[in-house]
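Here are a few friendly notes to read alongside the model. Keep the structure open and find each spot as you go.

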Amino acid sequence: MTENVISFTNLGHAYRPGTWVFRNYAATVNKGEVFALLGPNGRGKTTLLKLLLGALKPSEGDLSVKGHFAFVPQLFQVSFDYSCLDMVLMGRAKKIGLFSQPGQQDEEAALEALDRFGMADYAHRPFHELSGGQRQLVIFARALVAEADILILDEPTSALDLKNQALILDWIGRLSRKESLTIIMTTHHPHHALAVADQALLMLGQAKHIVGAPSEVLTEENLTALYGVPMKRVGFEHEGRRVETLAHVLPTVAAAEVRPTTN
């Protein structure tokens, strides 16, 4: 039986009266689903995340979020020389209390979380010395020790190389399907949503959106309208199975501009 974790109807937000970021948005997210938000810069992805996190109140509509959440920002920067273990223990703050110190149980939970992401050997390494992908895994571990039901990820593959992008996407799939964690993620990569999401919300305009299974809504027509550049959906065989991905078509340099000159 499916369990609704997040739902919103007629949802809208305006920072100033009459100036809507978006409105009339509606969607339902079930427990254990990956829900991807896609849209160009300035379309309201961050605003929608803030509404889900409770940092903003909707200007109109109804919003329901059931369960505890943890927020995983884009590449995490720190000003102090914290160890990876310290960074993960920060996720236990609500359980430890304001004026208390982490106990043995908290440290064991943090080390176990690091181990699950293959980062146990880095527990006492300075966080700032890690690569971008390694930092993201530590922040995922921090979210897990918070014992959240919902992970909210703001562009989790931002600025990562292809190998680390694949690593993070693999963990998003594992946490959703094996841990039944509900995951909300923003992304500028529609092929990532096609690969791991159960639902995708396309923020097409102030009062226009499309939501549904990625295989159905991530069409060439919808994505071209969303981003304003030609998009193509490409299929191919890989390791005996059919795979689809998405790519935007780059402008073609005129042949005359690249033809070598001759004397």
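1. Asn-10 sits in strand 1 (residues 4-16); helices (H or I, at least four residues) and strands (E, at least two) are DSSP runs, numbered from the N terminus. The phi of Asn-10 is near 50°, a positive value in a residue other than glycine. Most residues other than glycine have a negative phi. Asn-10 is partly exposed because its relative accessibility is 49% (buried means under 20% relative accessible area, exposed over 50%, partly exposed in between, with a 1.4 Å probe and protein chains only).

2. A word on the source: this is a predicted model, where local features need pLDDT of at least 70, side-chain atom pairs count only at pLDDT 80 or more, and totals for chains, interfaces and linings use all residues. Residues are numbered from 1 along each chain as its sequence is written, and side-chain values use heavy atoms, with hydrogens and water left out.

3. Now look at Glu-147, in the loop between helix 5 (132-145) and strand 6 (150-154). Glu-147 has a phi near 55°, again a positive value in a residue other than glycine. With a relative accessible area of 47%, Glu-147 is partly exposed.

4. Strand 1 and strand 2 run antiparallel and are joined by 8 bridges. Ala-14, for example, has Trp-20 in strand 2 as its bridge partner.

Terms used:
Pairing = 2+ DSSP bridges.
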